[in-house]
Amino acid sequence: MTDDVEFDAGRRSVLGALAGIGGAALAGCSAFKRESDGQTSSLDGEAARELATEFAPTLYFDANEPWFPTDPRPYASERDGETVVNGFDAVDGYHDRYSDGDPPDPTVFYNAVAYEDSPLAVVQFWFYSVFDQFTTNFHWHDWEVLHVFVDTETDEPQLYVASSHSRTVPNNEFLDPDPAMVPRILSELGSHSSTLSVNDVPDRFQRVAIEDMLADITNTALEGVEDLADLELPLAYGLPRDEGSRLPYLVPEYEGVPIYEHERLPSVTRESLIGDDLTVRSYDTLTSPPTDLPMRETGLVFRHRDREADADVEYDLVPSSEIEHIAAFTGPQLSFEFTVPDVVEDAIAGHITTTGTPWSQPRYGNPAADISVPNHRTALADRYDAIGEAAPINSVIARVTEAVTTDDAPENEGLTTTETAVESVVLLESDPEAVPTFGGIAVVQDVSAGDHRLTVNGAGRAPHSERVAVSDDGKPTAAGVSGEIPLVARDRATKLEIGGEKTATDLSTVAVEDDFAGRLYESSVDGNDAIYVHTGGAYTTEVRDSDDAIGAYRINPTPGSESTVRIERPETGKAQLATFVADIADETREEIAALSSDGGSSSAVEGLERALAAVVEAARKAAERARDSERGTADKQLTTVAERLQRVEQRLTEASGDLPEPLSNASQNRMEQADRRTKQARNAEKHSADN
């Protein structure tokens, strides 16, 4: 993806993608019980060593990476009769022992198991780093893993599974890799999320096959995406900074100061962390998404010291059984450097504290638990009785885009949505686990059925929050509007608040539409709601109450204004909808009339202005009759409104050549909106807020 490409993301695109992945299983534990896998037993020392040596991976790191795979044992201590590794000791000790170009104790740990009564074995390569610093999280200690599934009868690898950020983000996997090729891992800067490299360009990630170049993953593709009809987009985290996306990193704090200023970390300086050119010090002070963050560059390359190949660093291969005596990796909860509500920090405490031991995790004894792609599990299940069939799980998916003004509209009166090159952070607050987007795609999997609140945030953008209802059928749920969530640059955002203390209407749903970009937001609500909207848009806000009665309001934010836009007492029903029709027609009439005052009108334009004035008059009368509970008279007036809207359409066609094209476009879009709301008003059973 490039920074300059701009396109209408198409709200149907992600919905089409959902059909492609259907009810497919993704990763980890699930509300749906998959078939059980067979029992495993540890391979004996020599067999495990041979397998580990044969498949020991080559590791490629970012040029800005501070924390490389190392041995935690030098930092171990005793606590209450147990061996632990304290985060302060590990981070400070690592940097105290680090010398330029010579990371301390380069080590990869391995664990090998065999499925009983099966030729299938797995060798796991575990990578320990003393710290994790990323865009969604940071924590003391970090463990990542590569699983290599091997058929011991043929000695051929069956599947590579490289761990991604969490169990809620799809892993990077490759089915049936070339037996002659040594596995390669591309480690993400700071987070150490691992993706695979199996093609002819060893230090670059390739998501899809191009000509003779293999893709680096065989994850299930997002099929049927209209905007990417000629491209299959595998559902995997991948390596965003290697694919043209930008990721801003954060600086962690402890006890009110950045960790490099803490007295218990004397060997740690600002230079010990990810550099300033990649770091955001405050989301609040950024007025727009950063565009100058550097892309990924390859730095140090690690290879197993027994492998005959050039390398920057040679690592030791050590059985993980030698460190299983470590009971815990400890460290206090860290904080974001800038203001984040305590409830949010507590919700994602698992991302900003520490990590558990590998040997306490289910995937340590049963590596198949980490297979995140349904067709991969199915393929192994077809080959080996020891692997259970996949089961569907619930997932939430969306494409995060950016709302910007469009040249098709009058200035600051219409939007479009574009691809974003800066990745965002996604959090399901009801079952919190912050995950990053990849290529603008947000995927949260293994989601429990029920109502959730989804929050999306990004550097320089106003936050987005909505309620998402996840069904218990294993099918993906599209968040946003048909799978699209447009964010707004902070310097062009204003808050739209719906409802207040005196609200009489029991609202159930709120939606916001722009005249040009269409529906941008829709969410169920419990009382009040608040949304950030772009100040360059012209909006219709739709509200529905608990009886499914509809209301609509015209919203035109003022660019440059910091004041919140409020709909204090939202109403629904015939009177309110008729009032909206009058408002949007009068808004358009005033803009048409401005041409006359400038001396640029024609008889056709003047006829259009008169036709709009007639709509305003009839709609106001319809609203009055509805408030007086005169349903029959109100409906007759609404019939008149519909007839006059048809006349406006004719006059608009006649005057189109005399109108500026953006105003002609806007007028057409608004009259379509007015026509829709007129029909809703005629069908409304509810007259007004009082009856």
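**Sheet, helix and aromatic pair**

Mentor: In this predicted model, three strands form an open sheet in the order β3-β4-β18, with mixed pairing.

Trainee: What makes β3 and β18 edge strands?
Mentor: β3 (76-79) and β18 (326-330) each have a single partner strand, so one side of each lacks a neighbour in the sheet. From one strand to the next, the twist averages 40 degrees.

Trainee: How do you know that β3 and β4 pair, and in which sense?
Mentor: Pairing requires at least two bridges. β3 and strand β4 (residues 82-86) have four bridges, in the antiparallel sense. Within β4, Thr83 is the bridge partner of Glu78.

Trainee: Which helix lies across β3, β4 and β18?
Mentor: That helix is α3, which runs at about 55 degrees to β4.

Trainee: How many aromatic pairs are there?
Mentor: The count is 19 aromatic pairs. In one of them, the ring centres of Phe88 and Trp140 are 4.7 Å apart and the planes stand at 50 degrees.

Trainee: Why is the pair of Phe88 and Trp140 called tilted?
Mentor: Centres within 6.5 Å make a pair, while planes under 30 degrees apart count as stacked and over 60 as edge-to-face. The planes of Phe88 and Trp140 are at 50 degrees, so the pair is tilted.

Trainee: What parts does the pair tie together?
Mentor: Phe88 belongs to helix α3 (residues 87-97) and Trp140 to strand β7 (residues 138-151), so the pair joins parts 52 residues apart in sequence.

Trainee: Are Phe88 and Trp140 buried or exposed?
Mentor: Both Phe88 and Trp140 are buried.

Note on methods
Residues are numbered from 1 along each chain as its sequence is written. This is a predicted model: local features need pLDDT of at least 70, side-chain atom pairs count only at pLDDT 80 or more; totals for chains, interfaces and linings use all residues. Side-chain values use heavy atoms; hydrogens and water are left out. Rings of Phe, Tyr and Trp (its six-membered ring) pair if their centres lie within 6.5 Å; planes under 30 degrees apart count as stacked, over 60 as edge-to-face and the rest as tilted. Helices (H or I, at least four residues) and strands (E, at least two) are DSSP runs, numbered from the N terminus. Buried means under 20% relative accessible area, exposed over 50%, partly exposed in between (1.4 Å probe, protein chains only). Axes are lines fitted to C-alpha atoms, for helices over the stretch in contact, and angles run from 0 to 180 degrees between N-to-C directions. Contact means heavy atoms within 4.5 Å.
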